[in-house]
Amino acid sequence: YERSFADGATLLIAEGTDGPLGYAFAIPKAPPVTLAFERLLDVETVAVLPEARIAGIGAALIDAVRALAAELGIEQIQLSVRTANERALRFYERQGFAPLYVTMVATRADSAASTAGQSPSGAE
């Protein structure tokens with residue numbers, strides 16, 4: 001995270017009476033060239049202590065991220081979440097996020113095994 005602060009990153013911390021309950025870390029970035037807007041705010045991490053998850057801390061952090069984006073004049077906010085993390089997916093959907101891209105990954109071994117015997121133009 002330390003290097004990202006030079007690029008304008010912001011750390012937002014949710015404090016409780018006994019200390020931090022969670023945080024969000026966001027970095028202003030240029031979007032991929034395929035998107036028609038100038039900048040986006042990339043939410044690298046949102047983390048909330050398990051015992052604070054039902055207290056609205058996550059929603060408050062997302063609200064703080066939205067306020068930061070407005071302060072910076074950024075309209076688009078993006079974040080990534082693992083597809084297996086169903087709880088987080090539901091949370092972000094409730095916060096108004098929706099899929100834009102699906103990133104698919106494979107190991108080199110998986111890729112080599114699946115393309116054995118195919119021509120390079122065998123993509124579907």
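Trainee: Gln-95 lies in the loop between α3 (86-94) and α4 (108-115), and I would like to know why Gln-95 counts as buried.

Mentor: This is a predicted model, in which local features need pLDDT of at least 70 and side-chain atom pairs count only at pLDDT 80 or more, while totals for chains, interfaces and linings use all residues. Residues are numbered from 1 along each chain as its sequence is written, and side-chain values use heavy atoms, with hydrogens and water left out. Buried means under 20% relative accessible area, exposed over 50%, and partly exposed in between, with a 1.4 Å probe and protein chains only; Gln-95 has 16%, so Gln-95 counts as buried. Leaving aside neighbours within four places in sequence, Gln-95 is in contact (heavy atoms within 4.5 Å) with Ala-59, Ile-62 and Arg-66.

Trainee: Which side chain meets Arg-66 in a salt bridge, and what makes that pair a salt bridge?

Mentor: The rule asks for a side-chain nitrogen of Lys or Arg within 4 Å of a carboxyl oxygen of Asp or Glu, and the side chains of Asp-63 and Arg-66 meet at 3.8 Å, N to O. Asp-63 and Arg-66 are both in helix α2, and because they are 3 residues apart, about one helical turn separates them. Asp-63 is partly exposed at 45% relative accessible area, and Arg-66, at 34%, also counts as partly exposed.

Trainee: How many salt bridges does this rule give, and which side chain meets Asp-42 in one?

Mentor: The count comes to 2 salt bridges, and Asp-42 meets Lys-29 at 3.1 Å, N to O. Asp-42 lies in strand β3 and Lys-29 in strand β2, so the pair ties together parts that are 13 residues apart in sequence. Asp-42 has a relative accessibility of 7% and therefore counts as buried, whereas Lys-29, at 35%, counts as partly exposed.

Trainee: How do you know which strands stand at the edges of the sheet?

Mentor: Helices (H or I, at least four residues) and strands (E, at least two) are DSSP runs, numbered from the N terminus, and two strands pair if DSSP finds at least two bridges between them. The open sheet of 4 strands has the order β1-β2-β3-β4, with mixed pairing. β1 and β4 (76-79) each have a single partner strand, so one side of each is left without a neighbour in the sheet. β1 is joined to β2 (residues 19-29) by 7 bridges, and the two run antiparallel, with Ile-13 standing opposite Tyr-23 in β2. Helix α2 (residues 57-72) lies across β1, β2, β3 (40-48) and β4.

Methods: Axes are lines fitted to C-alpha atoms, for helices over the stretch in contact, and angles run from 0 to 180 degrees between N-to-C directions.
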